[in-house]
Amino acid sequence: MEVLNYSETTFEKLPVTIFDESREAVISIAYEIAELIRHKQKKGKKAVLGLATGSSPIGVYKELIRLHREAGLSFKNVVTFNLDEYYPMPPDELQSYVYFMHEQLFDHVDILPENIHIPDGTLPIEKVKEYCQAYEKLIEDCGGLDLQLLGIGRTGHIGFNEPGSSIASATRLVKLDPLTITDAAKDFIKEEYVPLRALTMGVGTIMKARKIILMAWGEGKAKILQETVEGRISDEVPASFLQQHPHTEVVVDQWAALELTRIKTPWLVGMCVWDDALIRRAVIWLSLKTQKPILKLTDEDYKDGSLSDLLAEAGSAYSLNIKVFNTIQHTITGWPGGKPNSNDAQRPERAVPALKRSLIFSPHPDDDVISMGGTLLRLVDQGHDVHVAYQTSGNIAVFDDDARRYADFALDFAEKLNVGVESTRREHADVVEFLKHKKLGEEDSALVQDIKALIRKGEAAAACRFCGVKEPNVHFMNMPFYETGQVKKKPLGEADIQETVDILRAIQPHQIFAAGDLRDPHGTHRVCLDAIFAALARLKGQEEWVEDCYLWLYRGAWQEWDVEEIEMAVPISPEELMRKRKAIFKHQSQKDSAVFPGNDKREFWQRSEDRNHATAKLYDQLGLTEYEAMEAFVRYRF
């Protein structure tokens with residue numbers, strides 16, 4: 001584990017500690033909370049904690065539960081005040097923070113029920129103001145918050161203090177920012193179901209805490225974290241007010257820290273140790289900053305860009321430019337499976353064997369064509385033995401109406417063939433009855449889950465047929481961790497890993513393509529990737545094929561690799577891009593409007609094409625050959 005601490009030489013106005021992984025960071029935070037609780041216990045006092053919800057603190061709560069069970073940490077002297085709650089919101093709803101806190105923490109420790117305080121989302125509107133004032137007084141009567149745990153929203157909100165909140169604001173009813181509503185849609189299935197308002201502690205309430213810990217995990221938080229830590233104090237980014245708090249600590253993983261100056265452009269902070277990766281990043285940054293192709297950069301450009309020490313080490317801009325340009329040029333290949341009978345010393349993939357077994361892992365049933373459809377088509381066209389393994393069923397991403405439509409079709413088909421009509425009618429009636437009375441966020445019945453899974457399976461199979469993948473080479477893994485019928489998934493388990501081991505053993509691929517969302521600590525893509533890593537770790541040293549297998553990572557529908565990271569860039573012609581689009585269209589349940597569209601309103605094919613165009617444009621700006629589009633990959637050495 002590597003931990004990077006705040007330095008006075010950085011641009012940072014808050015102390016920041018960077019961990020390699022969020023799982024290491026949450027252990028550190030949980031231990032600090034545990035020490036506070038034990039310290040207060042020894043003095044016979046209450047430990048007053050301000051608690052947060054959302055994905056960020058879940059790992060902290062899991063570690064606290066472990067400390068309670070295995071290390072005897074008692075919560076009997078703990079008093080908690082939660083930051084916020086949707087309004088209106090009954091406490092027994094799956095989306096309520098009352099439900100969340102009991103599920104994630106309170107039901108697993110010995111905290112006294114009377115010591116738990118969560119804003120009441122059931123109050124009549126006329127009683128809200130009085131209630132909020134009482135919530136403030138109750139915190140004060142308990143002696144104030146010893147420690148406040150915070151996450152951060154992409155608007156910069158802490159609690160539900162959205163942009164425009166005052167540093168003196170108290171507990172109150174607020175309206176939610178559209179971006180916050182969009183981010184919450186994954187918990188409410190549809191954006192229109194997300195409450196428009198919430199009860200929240202104010203910024204002023206938070207600032208009164210004696211200690212504050214702000215957490216951020218994953219690349220999605222990187223930009224707003226940089227604004228919070230390095231930007232000016234402004235109500236446009238409410239979290240920036242924490243710069244005025246005397247005891248705030250910011251704890252992040254390496255991905256959330258990506259936009260910090262000391263990580264992104266360390267040469268602006270001080271002297272650097274220049275390895276090849278950092279040199280490449282600096283030269284690309286300078287090229288894009290000056291809007292000059294790499295080969296046109298001059299000594300003066302390097303000096304003006306605070307890169308004098310790099311220039312001194314390299315000797316001249318001329319030699320440095322050529323070195324970096326050649327490195328980037330060698331990432332471009334039209335042969336993602338390797339070019340037969342060629343000198344492959346400068347190519348991303350090996351020439352031998354000429355025809356490879358290529359295994360594409362797809363976390364959801366459409367990630368393959370969305371993220372690397374052009375490369376998939378090229379691998380098939382060039383004669384490689386292409387296999388596609390769909391790791392999860394993707395069944396929660398199907399609208400209920402589609403499930404009903406397919407259930408109707410199944411009944412009509414059974415009646416048409418006069419086969420199994422009575423049993424099909426019973427099952428159809430069960431589906432109709434369940435969907436009619438289904439509550440928001442409720443887990444689908446087993447039959448509805450099966451119908452939705454079959455919809456996604458049929459679409460994936462159709463896309464593979466369109467791309468020319470042989471039918472026996474299409475594999476549906478349906479990893480158990482995913483099969484909950486809800487957004488919340490089970491942890492990665494032994495069955496998931498073993499299933500991945502089995503398919504790798506059966507295919508023995510020369511190259512593997514996988515969704516490389518290392519920077520997302522919570523998503524399905526990361527869990528699927530962890531299963532691949534675990535499976536390969538078991539097989540390495542046991543089976544010879546593993547030693548000569550390349551693992552290529554692609555990104556998802558929302559993001560692309562940074563140019564300096566790319567190790568294989570596959571050009572896509574206009575004709576190939578159109579074929580890729582048609583393959584994506586085979587996933588009809590995700591067309592027009594997906595169940596979980598994220599904060600991007602474009603359709604998946606639009607996001608994919610725009611990303612591929614943008615990658616090609618960046619290569620063009622750097623002075624490389626101009627292409628219509630590009631798909632990019634990073635090789636993972638295991």
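The points that follow concern a predicted model, beginning with a sheet and ending with a helix.

1. Seven strands form an open sheet with mixed pairing, in the order β14-β13-β12-β15-β16-β18-β17. At its edges lie β14 (474-476) and β17 (568-572), each of which pairs on one side only. Direction ignored, neighbouring strands of this sheet are turned by 25° against each other on average.

2. Within the sheet, β16 (residues 550-554) pairs with β18 (residues 629-636) in the antiparallel sense, over 3 bridges. Leu553 stands opposite Val634 of β18.

3. Two helices deserve mention alongside these strands. Helix α18 (residues 524-539) packs on the sheet and touches β12 (357-362), β15 (511-515), β16 and β18; the direction of α18 makes about 150° with that of β15. Helix α20 (residues 574-585) lies across β17 and β18 and runs at about 95° to β17.

4. Helix α15 (residues 421-437) comprises 17 residues. From first C-alpha to last, α15 reaches 25 Å, close to the 24 Å expected at 1.5 Å a residue.

5. Which residues of α15 are buried? They are Val421, His428, Val431, Phe434 and Leu435. These residues lie on the same side of α15 because they cover an arc of only 155° around the axis. The buried residues of α15 pack against α14 (400-417) and α16 (446-467).

6. On the face of α15 turned away from its buried side are the exposed residues Arg426, Lys436 and His437.

Note on methods
Residues numbered from 1 in each chain as written. Predicted model: local features only at pLDDT ≥ 70, side-chain atom pairs only at ≥ 80, totals over all residues. Heavy atoms only, no water. Pairing = 2+ DSSP bridges. Helix = DSSP H or I, 4+ residues; strand = E, 2+ residues; numbered from the N terminus. Axes fitted to C-alpha atoms, helices over the stretch in contact; angles between N-to-C directions. Contact = heavy atoms within 4.5 Å. Expected span 1.5 Å × (residues − 1). Buried < 20%, exposed > 50% of the residue type's maximum accessible area, 1.4 Å probe, protein only. Arc of directions from axis to C-beta.
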